[in-house]
Amino acid sequence: MLNYDPSSKSSILSHARLLLGKSLKDLYNEAIVLNGGRGRMGQCVEQFHFQYSPNSEAAPDFPEAGVELKCTPLKTLSDGSMVPKERLVLNIIDYIKEGKATFETSSFWKKNQWILLMFYLHENGVPVIDLIFKIIRLWNFPEVDLKIIRDDWEKLHWKMTHGLAHEISEGDTLYLGACTKGSKAGAEMRKQLDENAPLAQQRAYSIKPKYMSTIILDSLLHPEMHDGLYLSKKQKEKFIKIAAEASNIVNSIEEYQPNETFEELVERKFKPYYGRTVYEIEETTGINITSKVKAVSHATICAILGVKTQKIKEFEKANLQQKSIRLEPNGKLKESMVFGQIKYNEIINEENWEDSVWYETLTQRFIFVVFRKNENGDPKSSVLEKVFFWAMPQSDLQLAKIFWKDTKYKIKNGDFEHFMKSSDDNICHVRPKAKDSKDLMDTPFGPQKKKGYWLNRDYILKIVNENIKK
């Protein structure tokens with residue numbers, strides 16, 4: 001006989017919280033690690049705590065209550081703080097069935113309207129039955145977030161219905177992703193709705209890591225949801241600062257025009273300012289904009305969007321990467337686009353392209369803010385040309401993969417002098433990213449000058465010109 005009511009959300013939650021601050025082994029001496037892959041914690045909780053057999057049905061785990069169970073790991077940072085270890089992987093996507101569905105009839109919505117989230121602290125080498133649960137809560141998406149989730153689903157659905165599921169990328173969407181799912185990328189391939197379309201990599205719906213961090217932040221405000229959840233003073237201050245200094249662009253779904261997506265709403269707000277200088281934007285909005293070159297772009301965005309804080313909540317939740325482009329008066333571009341430093345000792349241990357830092361960087365979604373400089377050199381005399389959202393297409397990701405393999409191979413073999421250059425036939429290159437010649441980083445072959453990942457200038461200019469013409 002069950003010790004909870006599987007038709008009641010509150011009863012399911014109360015029963016789940018018996019594990020808060022505890023491990024499965026604490027409550028069930030007979031608990032054993034079940035066979036399986038990364039989902040075995042969830043399977044153990046289902047079998048030992050909730051006493052039902054794991055299934056892969058389209059319905060939620062608790063169909064009468066409409067609740068899906070998800071166990072997801074936290075990781076410990078160097079300062080002891082506990083943060084999401086990874087994205088929250090939901091159900092596998094059947095491109096044929098999902099392509100025929102509407103949002104309301106989709107497998108995503110049927111399974112995930114309400115999610116019982118059970119966060120546990122991951123520890124290397126420790127059996128899952130001995131891992132401690134730190135957060136247990138019910139979650140459903142707030143109305144303004146659900147609007148973006150729906151927009152994300154529609155983008156993925158459009159590709160499914162047009163035989164383009166093989167071109168789906170993490171960068172297509174903001175909150176709801178479609179991550180690769182399988183033991184090895186390319187190993188599990190699926191048919192598409194269009195019988196003539198190529199097989200597509202198996203994917204699953206997922207909630208992106210940065211959005212998961214917002215759930216952690218919200219949980220901290222409710223003592224009954226967590227036990228032993230540690231954040232260092234620095235991390236707490238960071239969370240509090242984000243909460244205090246981030247504002248929404250959209251506070252109510254009534255702000256949307258009919259059938260308008262979040263990105264279309266943002267672009268609509270910018271359109272009246274195209275062709276105007278920063279001085280003119282400053283005068284129209286009534287907001288003083290800094291004259292510092294590196295800060296003008298973000299300050300202009302905030303002024304136009306009416307955001308009076310340094311951070312924008314929707315951008316934070318989506319981990320949206322803002323990139324400022326400063327064209328020369330003649331429309332040319334002087335600089336390539338720099339990203340993070342190449343950590344030599346880490347890249348050589350990246351086994352799969354899909355798990356690499358460079359792949360994770362390039363599969364984020366970007367917002368490009370394009371200015372054209374004035375010949376007088378005053379940054380506030382620059383003209384706002386265009387603002388647009390962008391994700392790297394799969395064909396270009398394949399070029400980036402070639403670059404990653406080449407870079408990894410050379411570092412493994414101690415060759416730090418012959419990395420790909422901007423003149424090579426690719427879209428990426430390696431260049432120094434150091435303060436000076438003494439700014440070094442450890443490698444298996446001794447300290448080497450710090451270098452970074454760059455996207456070629458010509459490639460960035462091509463993207464900008466294509467989008468300016470739209």
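Trainee: Which residues of helix 7 are buried?
Mentor: This is a predicted model, where local features need pLDDT of at least 70, side-chain atom pairs count only at pLDDT 80 or more, and totals for chains, interfaces and linings use all residues. Residues are numbered from 1 along each chain as its sequence is written, and side-chain values use heavy atoms, with hydrogens and water left out. Helices (H or I, at least four residues) and strands (E, at least two) are DSSP runs, numbered from the N terminus; buried means under 20% relative accessible area, exposed over 50%, and partly exposed in between, with a 1.4 Å probe and protein chains only. In helix 7 the buried residues are Tyr 211, Met 212, Ser 213, Ile 215, Ile 216, Leu 217 and Ser 219.

Trainee: How far does helix 7 reach from its first C-alpha to its last?
Mentor: The expected span of a helix is 1.5 Å times one less than its number of residues. Helix 7 covers residues 209–220, which is 12 residues, and 16 Å is expected. The reach in the model is close to that, at 17 Å.

Trainee: How far apart are the end C-alpha atoms of helix 6?
Mentor: Helix 6 runs over residues 143–161 and has 19 residues. At 1.5 Å a residue, helix 6 should span 27 Å. The distance between its end C-alpha atoms agrees with this: 26 Å.

Trainee: Which residue just after helix 6 takes a positive phi?
Mentor: Helix 6 itself has buried residues, among them Ile 148, Ile 149, Trp 153 and Leu 156. Just after this helix, a phi of about 65° belongs to Gly 163.

Trainee: Is Gln 51 buried or partly exposed?
Mentor: Gln 51 is found in the loop between helix 3 (40–49) and strand 1 (67–76). Its phi is near 60°, a positive value in a residue other than glycine. Most residues other than glycine have a negative phi. With a relative accessible area of 40%, Gln 51 is partly exposed.

Trainee: Does Asn 259 count as buried or exposed?
Mentor: Asn 259 lies in the loop between strand 10 (246–247) and helix 9 (262–270). Asn 259 is not a glycine, yet has a positive phi of about 65°. Its relative accessibility is 80%, so Asn 259 counts as exposed.

Trainee: What separates the C-alpha atoms of Ala 200 and Ile 168?
Mentor: Ala 200 is found in strand 8 (residues 200–201). At 0% relative accessibility, Ala 200 counts as buried. Ala 200 and Ile 168 are 32 residues apart along the chain, and their C-alpha atoms are separated by 8.8 Å.

Trainee: How many residues of strand 19 are buried?
Mentor: An open sheet of 3 strands has the order 13-19-16, with antiparallel pairing. Strand 19 (residues 451–455) is joined to strand 16 by 5 bridges and to strand 13 by 3 bridges. Strand 19 is largely enclosed by the rest of the structure, because the buried count is 5 of the 5 residues.

Trainee: Which residue of strand 19 is the bridge partner of Cys 428?
Mentor: Val 338 stands opposite Trp 454 in strand 19. The bridge partner of Val 430 in strand 19 is Tyr 453. For Cys 428, the partner is Leu 455.

Trainee: How many residues lining the second largest pocket are charged?
Mentor: On a 1 Å grid over the protein atoms alone, a pocket is an open set of points where a 1.4 Å probe fits, with protein on both sides within 12 Å along at least five of seven lines, and lining residues have an atom within 4 Å of a point. The second largest pocket is lined by 20 residues, and those nearest its centre include Lys 323 and Arg 326. Ala, Val, Leu, Ile, Met, Phe, Trp, Tyr, Cys and Pro count as nonpolar, Asp, Glu, Lys and Arg as charged, and the others, Gly among them, as polar. The lining has 8 nonpolar residues and 5 polar ones, and the number of charged residues is 7.

How values were computed:
Pairing = 2+ DSSP bridges.
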